[in-house]
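Subject: Structure for your review

Dear colleague,

Please find the structure below, handed over for your own work. A summary of what was found follows it.

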Amino acid sequence: MLGFFLRLLPFWVREPLLIVIGSVFGLRLLHIAVNEKEWAPAGIGAVFLLLAAVSVHRVVRAVRARRGAFAGAAEAGLPGQPQPVAARISAPPVPPAAPVPPKEIHAGIQVFAAFAVFGVLAASAWLGPRLLPPEGEGDGTPRAAACPSKEDAKGEKTPDAYEKADVVTGADLCEALNTPDLAGLLGTPEEIATAASGDNGTAALTGGKVARPAAEVRFDTYTVNVSVTYNKLSMDQYVKLMEFGNETDVKKSVVLDRTAVFFSQPTMAIEIDLGSGGTGGPVTDGPLARNLAVALDEKDRGGYCEVTVWSDAGTLPDDNALLDIAETVLPAIPERAA
């Protein structure tokens, strides 16, 4: 299809087009090959440059042929050339008609238009990556995922439970959690956040009366979730409830002079079998998640902040990582009023 399209183009459009495309893409591929030290782009770039060189040769030959034809036509119409005798006898002398010069202007316009249009395209392809904002902070690393802005949240109805002054939102938690140091706290400083989100939800079985904002940041290795539940449950009551659950490795602690507790519990895994035509599958236990629940104030008047970390591979960071994350997020959460 491309070859058919190129054959339909006039010579003075097609050949300059091939020259521009071949030279731009060829030089660009060679530049990539030199910077990344990969020689496959260098071979492809050499092919493009070869095609451009062939087109240049064709244009040079065509220009020389047009100049030769113009010079021959001009010499044929010069005055003073001897005319055949028979021509002088048979007809009165007629001044020779001036030869029609080739349409050099029309061809020049075609060449200029081709170079102008495709020159702009070539400049866009060459300079486009340079004009884009850097992916990292000058070190070439990809940009980390950002939390949704408050402008994105406009139009979404916030539950009435968030009307209290001391209740944070999911966007606030996301901003507090998604810091440049988070990957280092998890023990994977080379990773960057691939997703970040915040949610203004409510606690289950409360009829929407108890706010439970949450935020989540995903990395290649770990996923971190932080939630705040504004109920009246103290840490002591929370630990007693664990006796009826499937929590393991329960360990009490203190974070910023507040009562805290570590525990582990499995995540949920949903199996979906698309081959059988079903839309879902049984809910089973997934990899273990490590949790740290911290009271919202030093006097443990009720409510807690929970930090949860898990990975698809089932590996977990050290408990100190959860402590560091909690100490990073808690200053952004107002203490519970008396």
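Which residues are linked in a network of salt bridges? The network is made up of K251, R290 and D319. Please note that this is a predicted model.

Salt bridges

A search of the whole structure gives 5 salt bridges. One of them pairs the side chains of R290 and D319, at 2.9 Å from N to O. R290 belongs to strand 6 (residues 283-295) and D319 to helix 9, so this pair ties together parts that are 29 residues apart in sequence. Both R290 and D319 are buried.

Another salt bridge is formed by R258 and E335, whose closest N and O atoms are 3.5 Å apart. Because R258 sits in strand 5 (residues 258-270) and E335 in the segment after helix 9 (319-329), the pair ties together parts that are 77 residues apart in sequence. R258 has a relative accessibility of 6% and therefore counts as buried, while E335, with a relative accessible area of 43%, is partly exposed.

A further salt bridge joins R301 to D297, with the closest N and O atoms 3.6 Å apart. Here R301 counts as partly exposed at 37% relative accessibility, whereas D297 counts as buried at 1%.

Disulfide

The search of the whole structure finds 1 disulfide. The bond joins C147 to C174, with an S to S distance of 2.0 Å. These two cysteines are 27 residues apart and link distant parts of the chain: C147 is in the loop between helix 5 (104-131) and helix 6 (170-177), and C174 is in helix 6. The torsion about their S-S bond is about -90 degrees, which means that the disulfide is left-handed. C147 is buried, with a relative accessible area of 12%, and C174 also counts as buried, at 0% relative accessibility. A further cysteine, C305, is buried with a relative accessible area of 1%.

K252 lies in strand 4 (residues 248-255). Is K252 buried or exposed? Its relative accessible area is 59%; the cut-off for exposed is over 50%, so K252 is exposed. Apart from neighbours within four places in sequence, K252 is in contact with D236, V239, A260 and V261.

Yours sincerely

Notes: Residues numbered from 1 in each chain as written. Predicted model: local features only at pLDDT ≥ 70, side-chain atom pairs only at ≥ 80, totals over all residues. Heavy atoms only, no water. Helix = DSSP H or I, 4+ residues; strand = E, 2+ residues; numbered from the N terminus. Buried < 20%, exposed > 50% of the residue type's maximum accessible area, 1.4 Å probe, protein only. Contact = heavy atoms within 4.5 Å. Disulfide = S-S within 2.5 Å. Salt bridge = Lys/Arg side-chain N within 4 Å of Asp/Glu carboxyl O.
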